[in-house]
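This briefing covers salt bridges, a cavity, a pocket and a surface patch. Please read it alongside the sequence and model shown here.

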Amino acid sequence: MKLSINKSRSLWWTLSAAITLAGLISMFISWQNPNIRAPLRPSLDFVGGTRLQFERDCNKPGNCDKPIDINVVREVAKAEGLGDSSIQIVADKDTRKENGILIRTKNLGREERTKLQTALSEKVGAFDEQKNQIDTVGPTLGKELFTSGLLALIVSFAGIVVYLTFRFQLDYAVFAIIALFHDVMITVGVFSIFGLVFGTEVDSLFIVALLTITGFSVNDTVVIYDRIRETLQTNPKQPITEIVDDAVNQTLGRSINTTFTTMLPLFAIFLFGGETLKNFALALIIGFAAGAYSSIFIASTLLTLWRERTGKYTVVETTGVTDTSVE
């Protein structure tokens with residue numbers, strides 16, 4: 001079956017615009033949220049503070065008979081002056097039962113942490129000291145991570161523009177960057193929505209994921225652009241819509257297979273990996289899917305529209321013959 005992407009290009013653009021707009025709205029709401037104050041829900045890597053994870057000791061008789069009531073945990077935190085903390089009930093890695101408490105709060109000293117742990121254990125049960133985790137990150141480190149990550153993204157975008165301009169033409173580079181920006185915005189927007197709905201946080205690995213996504217996406221786009229350029233050289237009189245559709249169809253199998261095989265281990269990491277890698281894998285899954293989509297339906301169709309609008313391809317009517325040629 002031959003896919004005619006340019007016939008329905010308005011549909012592809014509308015779909016992308018709708019998802020991007022939803023992400024932007026979510027980022028605005030997240031920014032106005034007094035508990036977040038950022039487009040994405042930041043982890044300790046960016047804002048600094050203390051993350052405490054306590055797990056009940058189920059080896060003690062009756063200690064884990066009742067589920068943990070998050071409202072009780074919130075009342076204890078409020079009593080300790082930590083009412084604005086982010087609190088989640090988490091599952092035990094071994095039993096998969098929700099016997100753990102994850103608290104993200106302001107910087108706490110040793111006495112404050114001990115006092116909070118004691119107060120919680122009195123209400124929900126004794127904790128297993130071997131499984132408890134406490135992490136502290138300073139706000140200066142968070143600022144450095146954010147600045148470095150943003151700079152790395154800008155440099156990667158600039159490098160891609162230079163590379164594609166020399167390898168192809170400037171318009172190829174521009175639409176490839178638009179596709180990359182689309183992939184990044186889709187990933188960021190989805191994580192913003194997840195942050196509001198599920199409390200999903202972004203950390204330094206999220207920046208790494210965005211950089212990986214840009215490399216994957218531009219690779220797929222370059223393959224399609226290469227095929228378009230080859231067809232233009234061998235058959236310059238063929239209409240640009242047909243050239244692009246043919247190029248996409250010739251590389252479609254490769255794009256789908258490459259994306260699918262790349263995402264298989266990511267799904268394994270997301271489902272069975274540790275908590276620290278779960279959001280990283282999720283970001284790559286979303287970004288790779290968006291990258292494959294944008295290479296086929298965004299970068300290619302935008303190039304087609306641009307070439308049509310700028311007169312790169314004109315239809316010259318002769319006696320009884322319609323001739324399509326390159327200006």
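Glu308 has a relative accessible area of 30% and is therefore partly exposed; buried means under 20%, exposed over 50%, and partly exposed in between (1.4 Å probe, protein chains only). This is a predicted model, in which local features need pLDDT of at least 70 and side-chain atom pairs count only at pLDDT 80 or more, while totals for chains, interfaces and linings use all residues. Residues are numbered from 1 along each chain as its sequence is written, and side-chain values use heavy atoms, with hydrogens and water left out.

**Salt bridges**

- Glu308 forms a salt bridge with Arg9, with 3.0 Å between the closest N and O atoms; the term requires a side-chain nitrogen of Lys or Arg within 4 Å of a carboxyl oxygen of Asp or Glu.
- Because Arg9 is in helix H1 and Glu308 in helix H9, this pair ties together parts 299 residues apart in sequence; helices (H or I, at least four residues) are DSSP runs numbered from the N terminus.
- Arg9 counts as buried, at 15% relative accessibility.
- Arg307 and Asp171 also meet through their side chains in a salt bridge, at 2.7 Å from N to O.
- Arg307 lies in helix H9 and Asp171 in helix H6, so this pair ties together parts that are 136 residues apart in sequence.
- Arg307 is buried at 5% relative accessibility, and Asp171 is buried at 10%.
- A salt bridge joins the side chains of Arg254 and Asp220 (3.1 Å, N to O).
- This pair links distant parts of the chain, 34 residues apart, with Arg254 in helix H8 (residues 240-272) and Asp220 in helix H7.
- Arg254 is partly exposed, with a relative accessible area of 32%, whereas Asp220 is buried at 3%.
- The whole structure contains eight salt bridges by this search.

**Cavity**

- One cavity of 30 Å³ or more is found in the whole structure; on a 1 Å grid over the protein atoms alone, a cavity is a set of points where a 1.4 Å probe fits but cannot get out, and lining residues have an atom within 4 Å of a point.
- The largest cavity has a volume of about 50 Å³, where grid points are joined across faces, edges and corners and a volume is the space filled by probe spheres set on the points.
- Its lining includes Phe191, Glu201, Asp203, Phe206 and Asn279.
- H7 and helix H9 (275-309) each give two or more residues to this lining, and H9 has the largest share, three residues.
- By class, the lining of the largest cavity has five nonpolar, two polar and two charged residues; Ala, Val, Leu, Ile, Met, Phe, Trp, Tyr, Cys and Pro count as nonpolar, Asp, Glu, Lys and Arg as charged, and the others, Gly among them, as polar.

**Second largest pocket**

- The second largest pocket has a volume of about 640 Å³; a pocket is an open set with protein on both sides within 12 Å along at least five of seven lines.
- Of its 24 lining residues, Pro39, Leu40, Phe146, Leu150 and Ile207 lie nearest its centre.
- H5 supplies the largest share of this lining, nine residues.
- The lining of the second largest pocket comprises 20 nonpolar, three polar and one charged residues.

**Surface patch**

- Leu21, Leu24, Ile25, Phe28 and Ile29 make a nonpolar surface patch of about 490 Å²; such patches join nonpolar side chains (Val, Leu, Ile, Met, Phe, Trp, Tyr) within 5 Å, from residues with over 30% relative accessible area and no salt bridge, and accessible areas come from the Shrake-Rupley method with a 1.4 Å probe.
- Leu24 lies in helix H1 (residues 9-32) and counts as partly exposed, at 42% relative accessibility.

Methods. Patches are made of residues with over 30% relative accessible area and no salt bridge: like charges are joined within 9 Å, nonpolar side chains (Val, Leu, Ile, Met, Phe, Trp, Tyr) within 5 Å.
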